[in-house]
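Here is a short report on one chain. It moves from domains to core, then to salt bridges and surface.

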Amino acid sequence: MDRYARWNALLEMLTGSGRVSVEEAADRLDVSQATIRRDFDQLAQQQMITRTRGGAVANGVSYDLPLRYKTAKHSAEKQRIGAAAAALVSPGTVVGLNGGTTSTEVARALAVRPDLNTNAEGAQLTVVTNALNIANELLVRSRMKVVVAGGVVRPKSFELVGPLGGALLREVTLDVALLGVDALDPQLGAAAHHEGEAAMNNLMVARAKRVVIIADSSKLGGHAFARICPVERVETLVTDSGAAPELVDAFRAAGVTVVCA
């Protein structure tokens with residue numbers, strides 16, 4: 001297990017229990033206590049946790065972990081979701097794509113589709129994104145047209161937020177918005193932890209003919225601080241096979257097409 005995967009596991013432990021001892025963490029991760037102490041010290045320096053005598057406690061920000069710490073969570077499910085969502089995209093369309101680990105998997109799946117990477121007139125895909133890492137994934141892997149919304153970078157998600165990006169989004173039309181979310185509920189709709197990200201995502205929804213939510217099953221039925229859009233605006237949900245049947249039924253009853261990858 002590399003350092004970032006280990007840090008991710010430690011933060012997940014703290015999110016679940018609120019407090020973890022050095023001894024417990026070392027046993028669960030099968031590493032030395034000295035390694036865990038160094039990890040705790042480094043995470044505390046980044047203000048991700050609060051160091052205590054013999055362990056650490058959660059620092060609140062664990063509910064909105066930086067993107068680089070989230071990559072190991074539900075990775076297999078997110079890869080399947082990414083492939084299934086990318087399959088919904090047709091050549092020649094304009095796609096809106098926000099940030100996040102699931103959106104990153106969608107971008108990677110789009111980038112390797114040869115029918116979306118041709119230079120033939122009218123067949124090239126255009127991707128509009130407010131996430132710097134998404135733009136990078138597409139630029140280094142494909143020949144798609146990539147449009148990046150402006151704004152202020154959020155270090156946790158690499159997303160650009162604020163009025164500068166909103167000005168651009170108001171001037172474009174999207175055939176489909178593929179949006180990763182922090183929560184999706186059959187009654188409350190789609191939401192994000194950060195109000196700036198929610199506002200940018202809401203603009204993508206407003207400019208899109210179709211809205212596809214991409215979310216692993218852990219995001220379903222939950223809630224987050226800032227609403228992105230009501231469930232009535234969502235055409236399709238792409239999730240994984242671990243989604244609870246009663247939630248899937250509730251989304252379908254609300255008129256959402258559900259794809260379980």
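Which domains does the domain assignment of the chain give? It gives domain 1 (3-62) and domain 2 (70-260); such bounds come from an automatic or database domain assignment. Their centres, taken over C-alpha atoms, are separated by 31 Å.

This is a predicted model, where local features need pLDDT of at least 70, side-chain atom pairs count only at pLDDT 80 or more, and totals for chains, interfaces and linings use all residues. Residues are numbered from 1 along each chain as its sequence is written, and side-chain values use heavy atoms, with hydrogens and water left out.

**Annotated region.** UniProt, in an unreviewed entry, places "domain: HTH deoR-type" at residues 3-58. UniProt annotations may be inferred rather than shown by experiment. Residues 3-58 are 64% helix and 20% strand. Helices (H or I, at least four residues) and strands (E, at least two) are DSSP runs, numbered from the N terminus. The end C-alpha atoms of this stretch are 19 Å apart.

**Core.** The largest nonpolar core has 34 residues. A nonpolar core is a set of buried Ala, Val, Leu, Ile, Met, Phe, Trp, Tyr and Cys residues joined through side-chain atoms within 4.5 Å. Buried means under 20% relative accessible area, exposed over 50%, and partly exposed in between (1.4 Å probe, protein chains only). Among the residues with the most contacts inside the core are Leu179, Ile213 and Phe251. Helix α9 (195-207) and strand β12 (208-214) are among the elements that each supply at least two core residues. The largest share, five residues, comes from α9.

**Salt bridges.** A salt bridge puts a side-chain nitrogen of Lys or Arg within 4 Å of a carboxyl oxygen of Asp or Glu. The count is nine.

| Pair | N to O distance |
|---|---|
| Arg6 and Asp39 | 2.4 Å |
| Arg28 and Glu24 | 3.4 Å |
| Arg154 and Glu197 | 2.6 Å |

Arg6 lies in helix α1 and Asp39 in helix α3, so this pair ties together parts 33 residues apart in sequence. Arg6 is buried at 12% relative accessible area, and Asp39 is buried at 2%. Arg28 and Glu24 sit four residues apart in helix α2, about one helical turn. Arg28 is exposed at 53%; Glu24 is partly exposed at 32%. Arg154 and Glu197 are both buried. Glu105, Arg108 and Glu137 form a salt-bridge network.
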